[in-house]
Amino acid sequence: MSLLLDRLTADLPQAAAPTPRMTGQVLRYDGLILECAGFPASPGTICEISTEDGRPVRGEVVGFADGRNLLFLDQPGARITVGATVTRLSGGHDMRIGPEVLGRVLDAEGDPLDTLPAPHSPDLWPLAGRMQNPLARQPVDQALDVGVRILNAALTVGRGQRVGIIAGSGVGKSVLIEMMTHNTDADIVVVGLIGERAREVGAFVGQIMRGKTADKTCVIAVPADRSPLLRLRAAHRATAVAEYFRAQGKQVMLIMDSLTRVAHARREVGLALGEQPTAKGYPPSVVSMIPSLIERAGPGLPGEGSITAFYTILADGDDTTNDPVVDTARAILDGHFVLSRSQAQMGIYPAVDLPQSVSRVMTDIVTPEHNAAATKLRRMISLYMENRDMMLMGAYSPGQDAELDEAVRLWPQILDLIRQGKSEKSDFRSSRSDLLALCGGTL
């Protein structure tokens, strides 16, 4: 009888085993890091801590030492006393996910920020992602239309490419990513707003969550005044959302704004745990965190889609060469777009500095004619910008350099090509045609 019952129930869905209730007590607390004992827990486990004012706070296990768990609190400075109860909660390593997250604005825990009911999410996905065999991944061999003429034409992005947008403050990073979210032909758009000003988060969400774009967009937002651990968790959640839809066969555009503030959050956690600072105060854990986060994006396995990722990187003082985050990201990314303050001051938007920017997959996904025209455009812009001051002073006479003469003659048409209004869309085909027409190529 028991054997027959086992056969009949073998194919039924099995309920998840309930998480046993485990509690411990606070032994040490410095306002940010808490030590407790009483139960085993791996890094990433979420716990709830009772407080003096009766409003419990949450924390995440980030390590353990001498038999004690080390927790980083979501709410620094909470009124916690010695002996307070610490309770282990279920979850922490996985998240609930489903198509219902599209059109929503969520926080690091997946709770709604848009005043709508919590989305019904039937599936589970690991926050840390799933490892993939790099040899089994599909190649990056198709162009992704991002709707921005200068990028489509001269810095063509491939489906599954990872790109950094490097710039100082106030040169148009936010406007550029707004343009891409509205104009791209990707199936799904996932935006992670990490460590931004609360006002900017509200304004940005208001710009992108409208029209048809809203129906295919999910925003994960954690402003700058939240715990560094919440900012890190938001970066992993945004990446995990993109991974989930990639596994469904979708072409996903992931935008992380900004990778620099994710690194700052990791630095705060690392220094609080006693890591030794290195270049510009960044501990070694930051250098290892950036590649592990970026490598989760990219093309999927056969039958899956891809994640084309854009990471904004803030160059302090417009230093695009010596910043550790810039250097680490540029080494692992498949290309980078540098935004130029001098071009922004000239009123050229988007202010993409073509000579300093590169798409490492462009030559693999465009025709030789297209690539030659992009190289010529890069050369003409470089010549003109390098000699602009000399020409303004009257120190250059036409006829001395044929290439420079051509760049000067074509400069008004070059400006028409690289300039684009915020509400203007330029698809890949028309961008390519404009480039070939300007630089002497043939369709």
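Is the crossing of α7 and α8 left-handed or right-handed? The crossing is right-handed, a term that applies if the near helix is turned clockwise from the far one by less than a right angle, with anticlockwise giving left-handed. The model is predicted: local features need pLDDT of at least 70, side-chain atom pairs count only at pLDDT 80 or more, and totals for chains, interfaces and linings use all residues. Residues are numbered from 1 along each chain as its sequence is written, and side-chain values use heavy atoms, without hydrogens and water.

Helix α7 (residues 284–294) and helix α8 (residues 324–332) have axes that come within 10 Å and cross at roughly 35°. Helices here are DSSP runs of H or I with at least four residues, and strands are runs of E with at least two, numbered from the N terminus. Axes are lines fitted to C-alpha atoms, for helices over the stretch in contact, and angles run from 0 to 180 degrees between N-to-C directions. From α7, V287, I290, P291 and I294 meet V325, T328, A329 and I332 of α8; contact means heavy atoms within 4.5 Å.

I294 and I332 also belong to the surroundings of R162, whose contacts beyond four places in sequence include both of them. R162 lies in strand β10 (residues 162–167) and is buried, with a relative accessible area of 7%; buried means under 20%, exposed over 50% and partly exposed in between (1.4 Å probe, protein chains only). The side chains of R162 and D334 are joined by a polar contact of 2.6 Å, and a polar atom of the R162 side chain lies 3.3 Å from the backbone oxygen of I294. A polar contact is a pair of N or O atoms within 3.5 Å; within protein, one must be able to donate a hydrogen and the other to accept it, and residues adjacent in sequence count only if both atoms are side-chain atoms.
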